[in-house]
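Subject: Structure handover

Hello,

Here is the structure for your files. My notes on it follow below.

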Amino acid sequence: MKLSGTVQYQDLEGGVWVLKADDGRTYQLAGGDRKIKKDGQRISAEGSVQRDTVTAAMVGPVFHVTSYTAD
(Lines give C-alpha, C1' and ligand atoms only; values in the text may rest on other atoms or scores of the structure.)
Protein backbone atom coordinates (compact mmCIF):
# COMPACT_ATOMS: atom_id res chain seq x y z
CA MET A 1 0.00 0.00 0.00
CA LYS A 2 1.26 3.51 -0.82
CA LEU A 3 0.36 6.61 1.18
CA SER A 4 1.40 10.23 0.96
CA GLY A 5 0.89 12.89 3.58
CA THR A 6 2.36 14.90 6.42
CA VAL A 7 4.09 13.47 9.49
CA GLN A 8 2.85 14.99 12.75
CA TYR A 9 3.68 14.55 16.42
CA GLN A 10 0.69 14.29 18.76
CA ASP A 11 1.18 14.61 22.51
CA LEU A 12 -1.08 11.72 23.48
CA GLU A 13 -0.23 8.89 25.87
CA GLY A 14 3.43 9.88 26.03
CA GLY A 15 3.60 11.00 22.40
CA VAL A 16 2.75 9.39 19.11
CA TRP A 17 3.81 9.97 15.50
CA VAL A 18 1.07 9.95 12.89
CA LEU A 19 0.68 10.38 9.16
CA LYS A 20 -2.06 12.77 8.13
CA ALA A 21 -2.61 11.18 4.75
CA ASP A 22 -3.76 12.97 1.62
CA ASP A 23 -6.81 10.66 1.62
CA GLY A 24 -8.04 12.48 4.77
CA ARG A 25 -7.29 9.63 7.18
CA THR A 26 -4.90 9.56 10.12
CA TYR A 27 -2.56 6.60 10.58
CA GLN A 28 -0.29 5.88 13.54
CA LEU A 29 3.24 5.35 12.22
CA ALA A 30 5.28 2.25 12.95
CA GLY A 31 8.51 1.10 11.36
CA GLY A 32 10.67 3.31 9.20
CA ASP A 33 13.67 4.91 10.88
CA ARG A 34 14.32 7.89 13.15
CA LYS A 35 14.51 10.31 10.20
CA ILE A 36 10.81 9.76 9.47
CA LYS A 37 9.95 11.41 12.81
CA LYS A 38 10.11 15.05 11.76
CA ASP A 39 7.02 17.12 12.53
CA GLY A 40 5.62 18.71 9.36
CA GLN A 41 7.64 16.57 6.94
CA ARG A 42 5.83 15.44 3.80
CA ILE A 43 6.48 11.83 2.82
CA SER A 44 5.45 9.14 0.38
CA ALA A 45 5.52 5.77 2.10
CA GLU A 46 5.02 2.11 1.29
CA GLY A 47 3.86 -0.38 3.88
CA SER A 48 0.81 -2.09 5.26
CA VAL A 49 -2.04 -1.31 7.62
CA GLN A 50 -1.94 -3.51 10.72
CA ARG A 51 -5.68 -3.96 11.31
CA ASP A 52 -5.19 -6.40 14.18
CA THR A 53 -3.00 -4.03 16.26
CA VAL A 54 -4.44 -1.98 19.13
CA THR A 55 -2.55 0.94 20.69
CA ALA A 56 -3.08 3.15 23.73
CA ALA A 57 -3.17 6.31 21.59
CA MET A 58 -6.06 5.11 19.38
CA VAL A 59 -5.44 7.83 16.76
CA GLY A 60 -6.16 5.56 13.81
CA PRO A 61 -4.99 2.33 12.22
CA VAL A 62 -1.30 1.48 12.54
CA PHE A 63 0.62 1.91 9.27
CA HIS A 64 3.84 -0.12 9.29
CA VAL A 65 6.31 1.67 7.00
CA THR A 66 8.66 -0.53 4.97
CA SER A 67 10.12 2.31 2.86
CA TYR A 68 9.59 6.02 2.38
CA THR A 69 10.91 9.12 0.67
CA ALA A 70 10.68 12.70 1.84
CA ASP A 71 8.83 14.86 -0.68
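For 71 residues, a compact globule would have a radius of gyration near 11 Å, and the protein chain agrees with this at 11 Å. That radius is taken over C-alpha atoms, and the globule rule is 2.2 Å times the number of residues to the power 0.38. The C-alpha trace spans about 30 × 25 × 25 Å along its principal axes.

This is a predicted model, in which local features need pLDDT of at least 70 and side-chain atom pairs count only at pLDDT 80 or more, while totals for chains, interfaces and linings use all residues. Residues are numbered from 1 along each chain as its sequence is written, and side-chain values use heavy atoms, with hydrogens and water left out.

Fold

The protein chain has five strands and zero helices, where helices (H or I, at least four residues) and strands (E, at least two) are DSSP runs numbered from the N terminus. The five strands close into a barrel in the order E1-E2-E3-E5-E4, with mixed pairing; two strands pair if DSSP finds at least two bridges between them. From one strand to the next the twist averages 55°, with axes fitted as lines to C-alpha atoms (for helices over the stretch in contact) and angles running from 0 to 180 degrees between N-to-C directions. E1 and E2 pair in the antiparallel sense over six bridges. Threonine 6 stands opposite lysine 20 in E2.

Contacts here mean heavy atoms within 4.5 Å. Among contacts between residues at least 6 apart in sequence, 51% join residues at least 24 apart.

Core and burial

Of the 71 residues, 32% count as buried. Buried means under 20% relative accessible area, exposed over 50%, and partly exposed in between (1.4 Å probe, protein chains only).

The largest nonpolar core has twelve residues: Leu3, Val7, Leu19, Ala21, Tyr27, Leu29, Ile36, Ile43, Ala45, Val49, Phe63 and Val65. Such a core is a set of buried Ala, Val, Leu, Ile, Met, Phe, Trp, Tyr and Cys residues joined through side-chain atoms within 4.5 Å. E1, E2 (16-21), E3, E4 (42-50) and E5 (62-70) each give two or more residues to this core, and its largest share, three residues, comes from E4.

Not counting residues up to four places away in sequence, tyrosine 27 touches Met1, Leu3, Trp17, Val18, Leu19, Ala21, Val49, Pro61 and Phe63.

Glutamine 10, in strand E1 (residues 2-10), is buried at a relative accessible area of 19%. With the neighbours up to four places away left out, glutamine 10 touches Gly15, Val16, Val18, Lys20 and Val59.

Alanine 30 lies in strand E3 (residues 26-31) and is partly exposed, at 22% relative accessibility. Beyond its neighbours within four places in sequence, alanine 30 contacts Val62, Phe63, His64 and Val65.

Salt bridge and loops

The structure holds one salt bridge, defined as a side-chain nitrogen of Lys or Arg within 4 Å of a carboxyl oxygen of Asp or Glu. Aspartate 22 and arginine 42 form it, with their closest N and O atoms 3.1 Å apart. Aspartate 22 lies in the loop between E2 and E3 and arginine 42 in strand E4, so the pair ties together parts that are 20 residues apart in sequence. Aspartate 22 is exposed at 52% relative accessibility, whereas arginine 42 is partly exposed at 33%.

Glycine 14 lies in the loop between E1 and E2 and is exposed, at 72% relative accessibility.

Regards
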